[in-house]
2 protein chains.
Amino acid sequence: MRRFLKLTVAGASRASARALRVAPRGCTSLTKAGQCQFAKSYATKVALTADSYPYVKRDPNYKQLEDSDIAHFTEILGDSKLVIQEDLDFYNEDYMHKYMGQSKLVLKPKTTQQVSEIIKYCNEKKLAIVPQGGNTGLVGGSVPVFDEIVLSLSSLNKIRSFDEVSGILKADAGLILENADNFLAEKGYIFPLDLGAKGSCHVGGTIATNAGGLRLLRYGSLHGSVLGLETVLVDGTIVDSLHSLRKDNTGYDMKQVFIGSEGTLGVITGFSILCPPRPKAKNVAFLGLESYEAVQKTFIEAKGQLGEILSAFEFMDNKSQELVKTYNKLDHPLEEPYPFYVLIESSGSNKDHDDEKLEQFLEDVMEKEIVSDGIVAQDETQLANLWSWRELIPEASQHKGGVYKYDVSLPLKDLYDLIPAVEEKLKAANLVGETDEFPVIASVGYGHIGDGNVHLNVAVRRYTKEIEKAIEPFVYEWVQQHHGSVSAEHGLGFQKKNYIGYTKSENEIKLIKQLKNLYDPNGILNPYKYI
Amino acid sequence: MRRFLKLTVAGASRASARALRVAPRGCTSLTKAGQCQFAKSYATKVALTADSYPYVKRDPNYKQLEDSDIAHFTEILGDSKLVIQEDLDFYNEDYMHKYMGQSKLVLKPKTTQQVSEIIKYCNEKKLAIVPQGGNTGLVGGSVPVFDEIVLSLSSLNKIRSFDEVSGILKADAGLILENADNFLAEKGYIFPLDLGAKGSCHVGGTIATNAGGLRLLRYGSLHGSVLGLETVLVDGTIVDSLHSLRKDNTGYDMKQVFIGSEGTLGVITGFSILCPPRPKAKNVAFLGLESYEAVQKTFIEAKGQLGEILSAFEFMDNKSQELVKTYNKLDHPLEEPYPFYVLIESSGSNKDHDDEKLEQFLEDVMEKEIVSDGIVAQDETQLANLWSWRELIPEASQHKGGVYKYDVSLPLKDLYDLIPAVEEKLKAANLVGETDEFPVIASVGYGHIGDGNVHLNVAVRRYTKEIEKAIEPFVYEWVQQHHGSVSAEHGLGFQKKNYIGYTKSENEIKLIKQLKNLYDPNGILNPYKYI
């Protein structure tokens, strides 16, 4: 066993490592010079969703858009620049380049009142709408399927107020997440949510999809941190629940059902959120372990010993690291390979204390032989480099052709078993191999152990019906048998609309449908999706 | 200015200080020997709610209980000991000794299936029900108003499972909070909620009322920590959403509307909750400050410097401490009086680090002259003693005759202004004085600064209509004008049913009523309350 070494030459520069987390929407990555780089799949024109999924039909109850409707919207918005009818690919195509809608109209209201007037009109006329934030969703939830009108929140993007004593931020839904976090950084606060798409995604969109992201382990879910919402109902009613109170026990907490409703109940136009103080110190350790059991033991020890400063606990299997090695052509942080790796991040208010806690913890888990090897970042660059071995997995998984991605929650003890189960299934179908005749390169697993959330990536040389048949509905059935969720953080959208039954019971689904019917009886809000 | 001294003789023993927090339901306090002690108001028989509030009438749509109904319930429960028809005062009378119902029947189902059969039958027959946990609520929400059947969850109290890796606890709703926390303590975990009534209240009851309590600043609200619920709907449907996943984005998060619904939407029979690791170290400091502005500044500094270890930030005004001094006849922790006091608690995983952080913080705020004086507990006894100066305020407020209590949320900057505003109103009505001819002794303020939650206690020698007229609806109007909530953590229940409009808008109330009608069209669940 090797003792912890100090990381010296970190390989990838900070810029390239950080790039992944702030790549603007439309780029799958940034070059080292910061230029937008498109993945292969983006270069090819994406097929129309209507063609790829011919069994999904346009609902004839929805009205077709007419010139008089456009004239009416232009009047509401009072500015023809907010009514967009050309070059709509950005709004029609999803972030994963899988879905392509056929909308002919994008509206960009600047006020809540305008949103209200638009929705009221659409409801009366039965014009279908897709509310759209930064359009960075991963399940095709934010793009039209047919000719739905895109209601973009991007012009409704102002900070309304910030209370420096309580840390409560109020803003418009269209505020970009990174702008919110930068604003807060100046005040000594941090946004309680962070994700790869932060440079493009809207805060309102993250709330509408109940995004999880990288800070959930530390700051909890949006159900806890969002204090109030301003929403517009389908009849145009503006519900101003933009409270800035941490406690309010007067009536049902109705805003909660809007968190994660993906624009199907109403449109979120504003929010108030509780922001924690920005941590002053950050540490990252990268560990090698012999088994998934050791990963779990390390998690228990980290929770106990690092306690309040533990801010991330990510795991990766060896195959995922092999993919990254091939992709970035750099030496792995650890000299020898291990079946599993763990990245631990701590964030706290006192650097010396955090260093000491981390050191003691690492000594302890090495002594107990739970952890076999490890390395600790000594500066920001090394910290970013260590993170990059986790963050580059999605990109590395798809660069040889494509990737089948599954984002599931599972009870911790079963979490990793999904990966070999899928690998076995693919091998049994003779689809996995090192040469080009086999479509599958590898099935890799990684994710947020702290949140019970594993990402399964099946890296492939090409997309084939055989692979799809081997893993679907197998993955969903496996998750169901192990009492997991088929969507941990990505939501349902268009992609998983038909799979909710693998996670939710019939009675639960009944309640969900009941609420949808209550709030949107004409079904004009984000149709063909969710439920 | 005096530097921080070490607390030496702590006055009240740990036992007496702790007693307050664990006094079993029915006692307003414990004697030093641990015996149950009843307040004056409890000795007097409480008037029937029907007599005290003659304008509230029994709804004739509800069926009167008949022998055949009781026979049916006995058959469902299969054990006549679970069907209680005598000595029902405990179930009819509320914790504050303000309300007294007239129920003739208490049912104590032992299984979720039995709960389902009971509710289904009641709904079909239009028999009104009050779901009841430990009956420690503060707004009369858990007792009948007329002859409603009491559905006690006290026999449904088993721990179902605990996952030592993830910290997820699953249990029946009737589990007593203290039992849950003791169980978790053995496993190195802590229940994310703590309150004075922990020895009697049920976890299910705390979820149904969205209780706040003493750990909210650190661990957040139940909307964030409750992962799943098992609920029984009015038609008997059992909705098993008892998920043990930290992340699940499949459909609307319907359990959220049950959190804080006070038994008006359905009955919570089970829960799963995420429990954090139990902190290993705890510190308490008690500070004296010259102004409310200094209290706010201290809060900002504490959040920044203590960061992740800050677990409580409670403030008290001088008058509240004067009342406690008169009541417990002990020397105050600080030699000289100050207009405001703050109690700061830290909880962390490393005692040395926490001590150092607290010391540095205290040196800093003293040097900046934000804090004028202070003291730090050196052991568990002193820690409990310092807490007792905060915890004894409710009891000290009412021991000279009675107390009018208001639990409100307000934006931090305005939080304390409510107290002098009320005092002025009472003085203008010539009701405040030091001698017996004046009914009011003092208006005192204290509470959870960290949560924006202030408790206003008007300590009185006797209850009079004049006082009531002077402060109601004045308090509610004041809270409304300052965008606060008329119920921060106590809920609505019977007491605040008519005041929701001071906090929620017409549109918000409409949505709440709409949901109530959807879930309970016959209105049999906890009638005459909430909305």
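## Strands and pairing

Two strands pair if DSSP finds at least two bridges between them. Strands (E, at least two residues) and helices (H or I, at least four) are DSSP runs, numbered from the N terminus. This is a predicted model, in which local features need pLDDT of at least 70, side-chain atom pairs count only at pLDDT 80 or more, and totals for chains, interfaces and linings use all residues. Residues are numbered from 1 along each chain as its sequence is written, chains are lettered from A and ligands numbered from 1 in the order in which they are written, and side-chain values use heavy atoms, leaving out hydrogens and water.

## A four-stranded sheet in chain A

Chain A contains an open sheet of four strands with mixed pairing, in the order β4-β5-β7-β6. The edges are formed by β4 (83-84) and β6 (129-132) of chain A; each has a single partner strand, so one side of each lacks a neighbour in the sheet.

Two bridges join β4(A) to strand β5 (residues 106-107) of chain A, and the sense is antiparallel. Ile84(A) has Val106(A) in β5(A) as its bridge partner. Helix α6 (residues 112-125) of chain A packs on the sheet and touches β5, β6 and β7 (149-152) of chain A. The direction of helix α6 makes about 160 degrees with that of β7(A), where axes are lines fitted to C-alpha atoms, for helices over the stretch in contact, and angles run from 0 to 180 degrees between N-to-C directions.

## Domains of chain A

The domain assignment, which is automatic or from a database, divides chain A into domain 1 (45-152), domain 2 (159-274), domain 3 (280-393) and domain 4 (400-490). Over C-alpha atoms, the centres of domain 1 and domain 4 of chain A are 33 Å apart.

## The nonpolar core

In soluble globular proteins, nonpolar side chains tend to be buried together. A nonpolar core is a set of buried (under 20% relative accessible area; exposed is over 50%, partly exposed in between; 1.4 Å probe, protein chains only) Ala, Val, Leu, Ile, Met, Phe, Trp, Tyr and Cys residues joined through side-chain atoms within 4.5 Å. The largest such core has 84 residues, and Phe191(A), Phe271(A), Phe191(B) and Phe271(B) have the most contacts inside it.

Contact means heavy atoms within 4.5 Å. Beyond its neighbours within four places in sequence, Phe271(B) is in contact with residues including Leu169(B), Phe191(B), Val203(B) and Leu242(B).

## Cysteines

Over all chains there are zero disulfides (pairs of cysteine sulfur atoms within 2.5 Å). Cys275(B) is in no disulfide, and the nearest cysteine sulfur, that of Cys201(B), is 14 Å away. Cys275(B) is buried, with a relative accessible area of 3%.
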